[in-house]
Amino acid sequence: MAQSQGWVRRYFKAFCKGFFVAVPVAVTFLDQVACVARVEGTSMQPSLNPGGSQSSDVVLLNHWKVRNFEVQRGDIVSLV
């Protein structure tokens, strides 16, 4: 019984360490570098959601390029 409690305690401690390191890293990455977003509706046709399809497209929003003012003609810019 004591051995099983020790294993659970070690597992929980390792999980907490990984969780408290991974969450801030993931949040920082999604806020500063890039994130994934869904495009719905007809506002971006024909480039996205072509042919009047009811499904949504998934795009990668590059925060890094916008932050460094590296936007070029033809790029799609998302304002939230």
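## Surface and burial

The accessible surface of the protein comes to about 7300 Å², and carbon and sulfur atoms account for 63% of this area. Accessible areas come from the Shrake-Rupley method with a 1.4 Å probe, and for residues only the protein chains shown count as cover. The structure is a predicted model, in which local features need pLDDT of at least 70 and side-chain atom pairs count only at pLDDT 80 or more, while totals for chains, interfaces and linings use all residues. Residues are numbered from 1 along each chain as its sequence is written, and side-chain values use heavy atoms, with hydrogens and water left out.

Of the 80 residues of the protein, 6% count as buried. Here buried means under 20% relative accessible area, exposed means over 50%, and partly exposed lies in between (1.4 Å probe, protein chains only).

## Overall architecture

The protein contains 2 helices and 2 strands, arranged along the sequence in the pattern α-β-β-α. The protein is more spread out than a compact globule, because its radius of gyration is 21 Å, well over the 12 Å that the globule rule gives for 80 residues. Helices (H or I, at least four residues) and strands (E, at least two) are DSSP runs, numbered from the N terminus. The radius of gyration is taken over C-alpha atoms, and the globule rule is 2.2 Å times the number of residues to the power 0.38.

Along the principal axes, the C-alpha trace spans about 65 × 35 × 15 Å. Among contacts between residues at least 6 apart in sequence, 44% join residues at least 24 apart; contact means heavy atoms within 4.5 Å.

## Charged side chains

The protein carries 8 positive and 5 negative side chains, and the centres of the two sets lie 20 Å apart. Lys and Arg count as positive and Asp and Glu as negative, whereas His and the chain ends are not counted. The place of a charge is taken as NZ of Lys, CZ of Arg, CG of Asp or CD of Glu.

Side chains of opposite charge can pair when their charged atoms come close. A salt bridge is defined as a side-chain nitrogen of Lys or Arg within 4 Å of a carboxyl oxygen of Asp or Glu, and by this rule the count comes to 1. It joins the side chains of Glu-70 and Lys-65, at 3.5 Å from N to O. Glu-70 is partly exposed, with a relative accessible area of 37%, and Lys-65 is partly exposed at 39%.

## Residues along the chain

Arg-10 is placed in helix H1, which covers residues 2–32. Arg-10 counts as exposed, at 59% relative accessibility. Between Arg-10 and Lys-65 there are 42 Å in space, C-alpha to C-alpha, and the two are 55 residues apart in sequence.

Val-33 is found in the loop between H1 and strand S1 (34–39). Its relative accessible area of 27% makes Val-33 partly exposed. Leaving aside neighbours within four places in sequence, Val-33 is in contact with Thr-28, Leu-61, Asn-62, His-63 and Trp-64.

## The segment after helix H2

Phe-69 lies in the segment after helix H2 (63–67). Although Phe-69 is not a glycine, it has a positive phi of about 55 degrees. Phe-69 counts as exposed, at 76% relative accessibility.

Ser-78 also lies in the segment after H2 and is partly exposed, with a relative accessible area of 43%. Ser-78 and Ala-37 are 41 residues apart along the chain, and their C-alpha atoms are separated by 9.9 Å.
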